[in-house]
Amino acid sequence: MKKILRTLLILILVILAIDRGFVYLFHSAIFSKTLSGESGGSVNYLLQRKKDAGLIIMGSSRAKHHIDPVRLYANAEKIKYNAGINGTGGLIYNSRLLHLLLEKNIKPSTLILQLDAHPYFTADDDRGLTELAQLYPFISESRSLRSFVKNEAGLAEQIKLFFHSYRFNGKLLNILYNYRKRHSVGDENGFIPLEGILKDSLVQPLSMASPMPAFPENKIAALQDVLTVCAKENIQLIIVFPPSYHNVIHHPGGTSALINIIRKTGRARIIDFSDIESIPELNQSKYWRDATHLNADGAGLFSDSLNARLAGL
């Protein structure tokens, strides 16, 4: 029995040594040098090359592909970066990203946060750890991220995270692909315009839940955290609700509820374009890649409209 236990202990120690050694080498030799891609590369780019950004944009793909930093504050001498991310970009992700930036002594003077009501009011959305998985590669670099994950993760997730290689679960191929392109990464601002024109026949209105579900508590906490941190750090917070084609995901009740939460719990400037009629020219298919994502021309028009609102025009 003792021999079995000793063998088992040795096996565990060997596995842990391989796990820790692999991650250390992979992180230092490959991941930290990866400056593109949505498995941590774009965050690396922000941390390494845009430390002095005065304006940072956060949000989902509807921030990444809609808001062109070049068109905002054209007369201001600012480094601007769009940190939106496809498929994630929710409140929990962005609140933790904000903490990571501050821990790295990166503090913008202005933060634009893109929000949509429909992910929170059309279905039960409690995917906090799914959002955070994109930040797992930075868990050793962020005390607040470690603390948050420890408090939020269940036993199964904590066991997985005990093995450091889990931080890169599902990200390896993307990281390796973007690592190969590291020398071709120029001076980027994070904005990626989309090409293509929407066909009306493909537009399907979103089915709204009835009655309207309550806003998930963990999302409220994340929103309150962003509001509190920005106020404490003297960061101007601007919250933007972008439109959708023919209002296919416009949720007036949900948007109003979110705006009320913001006004009650903190201080932020709110720019609500969620109703397409706020920019009626955009309600043409030629400006859209799909019903929820503007193409390059649409993004230009939207960014100019946002800039005009920011300037008080």
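Predicted model: local features only at pLDDT ≥ 70, side-chain atom pairs only at ≥ 80, totals over all residues.
Met1 sits in the segment before helix H1.

Met1 also belongs to a nonpolar patch on the surface, together with Ile4, Leu5, Leu8, Leu11, Ile12, Ile15, Leu155, Ile159, Phe162 and Phe163. Taken together, these residues have about 1100 Å² of accessible area. Two elements give two or more residues each to this patch, namely helix H1 (2-29) and helix H8 (155-162). Helix H1 supplies the largest share, with six residues.

Leaving aside residues up to four places away in sequence, His66 touches Ser61, Phe191, Pro242, Trp288, Thr292, His293, Leu294, Ala299, Phe302 and Ser303.

Next, have a look at how two helices meet. The axes of helix H4 (residues 91-103) and helix H7 (residues 143-152) come within 8 Å and cross at roughly 145°. On the H4 side, the contact is made by Ile92, Arg96, His99 and Glu103, and on the H7 side by Arg143, Ser144, Leu145 and Phe148. Sorted by class, this contact has three nonpolar, two polar and three charged residues.

Arg96 of that contact leads us on to the salt bridges. Its side chain meets that of Asp225 in a salt bridge, 3.4 Å from N to O. This pair links distant parts of the chain, with Arg96 in helix H4 and Asp225 in helix H10, 129 residues apart. Arg96 is buried, at a relative accessible area of 9%.

Helix H10 takes part in another such link. Lys219 forms a salt bridge with Glu131, and their closest N and O atoms are 2.5 Å apart. Lys219 lies in helix H10 and Glu131 in helix H6 (residues 128-132), so this pair ties together parts that are 88 residues apart in sequence. Both partners are buried: Lys219 has a relative accessible area of 0%, and Glu131 has one of 7%.

The pair of Lys50 and Asp187 has a salt bridge of 2.7 Å, N to O, between its side chains. Here the two residues come from loops: Lys50 from the one between helix H2 (41-49) and strand E1 (53-58), and Asp187 from the one between helix H9 (172-179) and helix H10 (217-232). They are 137 residues apart, and the pair again links distant parts of the chain. Lys50 counts as buried at 9% relative accessibility, whereas Asp187 counts as exposed at 71%.

Asp68, Arg71 and Asp304 are linked in a network of salt bridges. For the whole model, the count comes to ten salt bridges.

Terms used. Residues numbered from 1 in each chain as written. Heavy atoms only, no water. Patch = residues over 30% accessible without salt bridge, like charges linked within 9 Å, V, L, I, M, F, W, Y side chains within 5 Å. Areas by Shrake-Rupley, 256 points an atom, 1.4 Å probe, with all protein chains shown as cover. Salt bridge = Lys/Arg side-chain N within 4 Å of Asp/Glu carboxyl O. Helix = DSSP H or I, 4+ residues; strand = E, 2+ residues; numbered from the N terminus. Contact = heavy atoms within 4.5 Å. Axes fitted to C-alpha atoms, helices over the stretch in contact; angles between N-to-C directions. Nonpolar A, V, L, I, M, F, W, Y, C, P; charged D, E, K, R; others polar. Buried < 20%, exposed > 50% of the residue type's maximum accessible area, 1.4 Å probe, protein only.
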